[in-house]
Amino acid sequence: GEVVISFILLLYLCGYLLQEVQEMFYEQGDYWRDIWNYPELGSYVALTVVIILQLIQEPAKNPSSITDSKLYLMWSYSYSLSCGRALLTLLAVLRLLYYMRLRRSTGPLVVAIAKMTKDIFNFIFLYLCYSLVLLRF
């Protein structure tokens, strides 16, 4: 049951991915200028990877032949699935912000959040560069 649903969802996602690729070719360089295309494309790719990891992990759940290597693979797949689900949650919130900017009451808040996020990423980049320079000497 679960595998069939995953395959159906995977086919559904392939349709969305093809639509995004078609949009990339249609808009060419303008596609990458719109900041909202990144979370949309990222969520489709991340969800596809999570579903593929679930399909790979499904046969490894057979308890009769669990060895250390299978146990490690099961742990690494479940860890990857957890990270993928966390990334999907973040991307879903970003996609929700896209629709929230259309409302008069939440639009300015979304702009403020976008500017703060840009400042935070600049700070993180500078902090990492500074930390790497300090670790070298």
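Predicted model: local features only at pLDDT ≥ 70, side-chain atom pairs only at ≥ 80, totals over all residues.
Color the chain by secondary structure and, going from the N terminus, you get α-α-α-α-α.

Residues are numbered from 1 along each chain as its sequence is written, and side-chain values use heavy atoms, with hydrogens and water left out.

**Stop one: the whole chain.** Of the 137 residues, 24% are buried. Here buried means under 20% relative accessible area, exposed means over 50%, and partly exposed is in between (1.4 Å probe, protein chains only).

**Stop two: helix H2.** Select residues 30-33 and show the side chains of Arg33 and Asp30, which sit three residues apart in H2, about one turn of the helix. Arg33 is exposed at 66% relative accessible area, while Asp30 is partly exposed at 44%.

**Stop three: the largest pocket.** Now pick Ile35, Leu94, Ala114, Thr117 and Phe121, the closest to the pocket's centre among its 15 lining residues. The volume is about 520 Å³, meaning the space filled by probe spheres set on grid points joined across faces, edges and corners. A pocket is an open set of points on a 1 Å grid over the protein atoms alone, where a 1.4 Å probe fits, with protein on both sides within 12 Å along at least five of seven lines; lining residues have an atom within 4 Å of a point.

Which helix gives the largest share of the lining? H5 does, with seven residues. Highlight H3 (37-57), H4 (68-100) and H5 (107-136) together: each supplies at least two lining residues.

Switch to a surface and select Ile113, Met116, Ile120, Phe121, Phe123, Ile124, Tyr127 and Leu128, which make a nonpolar patch of about 840 Å². Patch members have over 30% relative accessible area and no salt bridge, and nonpolar side chains (Val, Leu, Ile, Met, Phe, Trp, Tyr) are joined within 5 Å, like charges within 9 Å. Finish on Tyr127 in H5, partly exposed at 49%.

Conventions. Helix = DSSP H or I, 4+ residues; strand = E, 2+ residues; numbered from the N terminus. Areas by Shrake-Rupley, 256 points an atom, 1.4 Å probe, with all protein chains shown as cover. Salt bridge = Lys/Arg side-chain N within 4 Å of Asp/Glu carboxyl O.
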